[in-house]
Every structure is written in structure tokens, then in C-alpha cells.
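Q: I have just opened my protein model and would like to learn how to read it. Could you walk me through some features?

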Amino acid sequence: RAKTKDSGQAWSTSWSRWEFFKPNNVPSQPTVIVTDTPTTDVPSLSPSISVHHNDIDPADSKMYAYQVVVEKESTLGSGSWSTTGGWDSGSVDTSGSLAATKLVSSGTLEWGCSYRVKAKTMDSSGSWSSFSGYSTFQTHIAGAPINLSPTASSVVAVAPTFTGARATTADYITSYQILVYD
């Protein structure tokens, strides 16, 4: 309800009718899921990140934008994280979605590294949530080759032929290094 005052400082004699409204609530932290599995051995350098909007306002059940940030662990197992070597989607318009899936841009991540991802979402009023908790994942680490030949106890010719197999079907042999000891 409201009253007005004129230039002579006189108040109106009546009040306006009552108007009822509810202030917008800032969205809750979104739910973030790395959809590639297993998350301990993600077989892609462009994993899918799923972001689900959470808002207690019935009119704000959909998100209108999101931001995904991927941080890289400086040294595997160190617990020290940085956006250097990571990725930031920037603000991405969703035009009213319940959830969104984003692929990390190709050429950003590296094999054999640990990453953590967080996200925030925006509601129809332009209010941003705080960042979500972290979801973690690790990109594939190539295993040591198996079924090597010749074996340690073999007697071989001056120019032996070396053979071996990849450790898992997730490994692709793009180059190799052989150490021969006398």
C-alpha cells in the first residue's frame, strides 16, 4: 500500500489498495554430474558435464543461463587445484531449461590428469546461485604394455623383434619407447 505527498507537502487522504508480492529467492546450488564413466578413468578429453538447476521458487524451476568451471590438479595427488590447464564455459544462455549438458571444449584437458568441476545457474529474474560443490574426474592414464616379447630370460638375435600389447582396450598406441639394457 502507498500514499503520496504533493509539492505543498500535503499527504493524500487515502491509501492505495494492498498489493502482495513475494521476493525472488536466489537459486540453490545446482547439481553437477560428470556423465562419462568411470569418473576415475574418463576415456575422453571432452567429457560431458550435466548441470541441474535447483530453485525453490515455483516460477523459477528452469534455468536461463549457467557457467561451468573445470579446475586441474597441479600435480596428481597433490590436492592443489588451479584453473590453469582447466576450462571455463563462461555464461551460457539456456533460454529456460531444467538441465543442460555441456561438453568440455576439445583441446583443453590432458590425459592422465585429475580435474574437478563446479557450476552455477541463473533463474528468470537474473539471480545467480552460488557455485555447486565439486564433482571430480580423472582422464585416462595409459597402462604399461603387457605380453612383451622377448622376455627377460630369452636369448635373441642381434636384431630382435619386439612385440607387446596395450594394457586395456581404452589405450591407443600412438608412440612407444623401448629401453634396452646390457
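This is a predicted model: local features need pLDDT of at least 70, side-chain atom pairs count only at pLDDT 80 or more; totals for chains, interfaces and linings use all residues.

Q: Which residues have the most contacts inside the largest nonpolar core?

A: First, a word on the model. Residues are numbered from 1 along each chain as its sequence is written, and side-chain values use heavy atoms, leaving out hydrogens and water. A nonpolar core is a set of buried Ala, Val, Leu, Ile, Met, Phe, Trp, Tyr and Cys residues joined through side-chain atoms within 4.5 Å; buried means under 20% relative accessible area, exposed over 50%, partly exposed in between (1.4 Å probe, protein chains only). Here the largest one has 19 residues, and Ile49, Val68, Val70, Val117 and Phe137 have the most contacts inside it.

Q: How do I read an aromatic pair, and how many are there?

A: Rings of Phe, Tyr and Trp (its six-membered ring) pair if their centres lie within 6.5 Å; planes under 30 degrees apart count as stacked, over 60 as edge-to-face and the rest as tilted. The count is two. Trp18 and Phe20 are stacked, 6.4 Å centre to centre with 20° between the planes, and both are exposed. Tyr115 and Phe137 are also stacked, at 5.4 Å and 20°, but these two are buried.

Q: What is the chain's average pLDDT?

A: The average is 85, and 96% of the residues score at least 70.

Note on methods:
pLDDT is the predictor's confidence in each residue, from 0 to 100.
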